[in-house]
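Subject: Helix packing in the attached model

Dear colleague,

Please find the structure below.

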Amino acid sequence: MKGYLAFTKKEFMECIRSYKFMILIIVFLAFGFMNPIFAKYMPELLKSMMPEGMSMELPQPTVFDSWAQFFKNINQMGLIIFLLSFSSILSTEIQKGTLINIVTKGLSRKKILLSKMTFLVCVWTMCYVTCVIVTLLYGLIFWSQWHLPHLFLSLTCVWLFGVLMCSLMLLGGVITCSSAGGLLLSGGSYIALMLMNMIPEITKYNPVTLISDNMALLQETISLDQIYPAIGVCIVLCATTYIGAVILFNRKQL
C-alpha cells in the first residue's frame with residue numbers, strides 16, 4: 001500500500017511541477033466562465049452584428065442554454081484536451097525504462113497501473129468539478145437558478161464517460177507503448193460508439209448516450225429507464241478495459 005501511495009504521489013508531483021495541472025485547471029475554469037457568459041450575451045452579440053434595418057427575434061437566454069453550452073464544451077473540447085495532456089502517461093516511462101527499477105524494488109505492475117488510473121480519474125474529477133462549480137455559480141448569478149431536473153445524474157454521466165476514455169487510453173498505451181496508441185484506441189472507440197448509436201436497437205445500451213442525451217435528461221424529454229442501461233454498460237466497460245490493461249501489462253516486457 002505504501003508503494004502504491006508513493007507512486008501516486010509521484011504522479012501528482014510531476015503533474016504539478018510540469019505546470020500541466022495548473023494549465024488544465026485554468027482551461028476548465030475558462031470553460032466554466034464561457035458557458036453561462038456565452039449563453040447570456042450571445043443573443044445580444046448576434047443582434048449587434050446584424051445589418052442595419054434587419055431584425056430577428058431571438059429567444060431569451062435561460063439557464064438551460066448555459067448547461068447546453070457546458071455539455072458542448074466539455075464533450076467536444078474539454079475531454080479531448082484532457083486526453084491529449086496525458087496520452088503519454090505510461091508510454092514515456094516504458095520507452096525510457098524507468099519502470100524497470102520501480103518493479104525490481106518490489107512495486108507490482110498491477111499497483112503501477114492502479115496508481116496511473118487513480119491519478120487520471122482524480123485529475124479528471126478535479127478539472128471537471130471546477131468547471132461544474134463555476135457554471136453553477138454563474139447560473140445562479142444570471143438566472144437565480146441552479147437546480148434542474150436530473151442535473152446531478154446528467155453531470156455524472158459525462159464524468160463516467162470520461163473515466164471510460166481514461167481507461168481506454170491506458171489500455172492503448174499498454175498495447176502499443178506509445179502515446180499515439182492510447183489516443184487512437186480512445187478516439188477510435190469514441191468514433192465506433194458514435195457510429196453504433198445510429199442503430200436504434202443498441203442506442204439504449206450505448207455509452208455514448210451518456211454525453212449525447214444530457215439536455216434531454218434536464219428537459220425531461222427522455223425517461224431515466226433509457227439512460228440506466230448505458231450507465232451499466234459503461235461501468236462494465238471501464239472495469240473490463242482496466243482489467244485487460246493489467247493482464248497485458250503483466251505480460252509486457254519492460
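Helix 1 (residues 2–17) packs on helix 6 (residues 109–143) at an angle of about 45°, and their axes are 9 Å apart. Axes are lines fitted to C-alpha atoms, for helices over the stretch in contact, with angles from 0 to 180 degrees between N-to-C directions. Helices are DSSP runs (H or I, at least four residues), numbered from the N terminus.

This is a predicted model, in which local features need pLDDT of at least 70, side-chain atom pairs count only at pLDDT 80 or more, and totals for chains, interfaces and linings use all residues. Residues are numbered from 1 along each chain as its sequence is written, and side-chain values use heavy atoms, leaving out hydrogens and water.

Helix 1 and helix 6 are therefore oblique to each other (under 35 degrees is roughly parallel, over 145 roughly antiparallel, 65 to 115 roughly perpendicular, the rest oblique). On the helix 1 side, Y4, F7, T8, E11, F12 and C15 make the contact (heavy atoms within 4.5 Å); their partners in helix 6 include K111, L114, F119 and M126. By class, this contact has 10 nonpolar, 3 polar and 3 charged residues.

The second pair is helix 3 (residues 63–85) and helix 7 (residues 151–176), with axes that come within 11 Å and cross at roughly 15°. Helix 3 and helix 7 are therefore roughly parallel to each other. Among the residues that meet are W67, F70 and F71 in helix 3 and L151, F161 and M165 in helix 7. That contact of helix 3 with helix 7 has 14 nonpolar, 3 polar and no charged residues. Ala, Val, Leu, Ile, Met, Phe, Trp, Tyr, Cys and Pro count as nonpolar, Asp, Glu, Lys and Arg as charged, and the others, Gly among them, as polar.

Regards

Note on methods: Helices (H or I, at least four residues) and strands (E, at least two) are DSSP runs, numbered from the N terminus.
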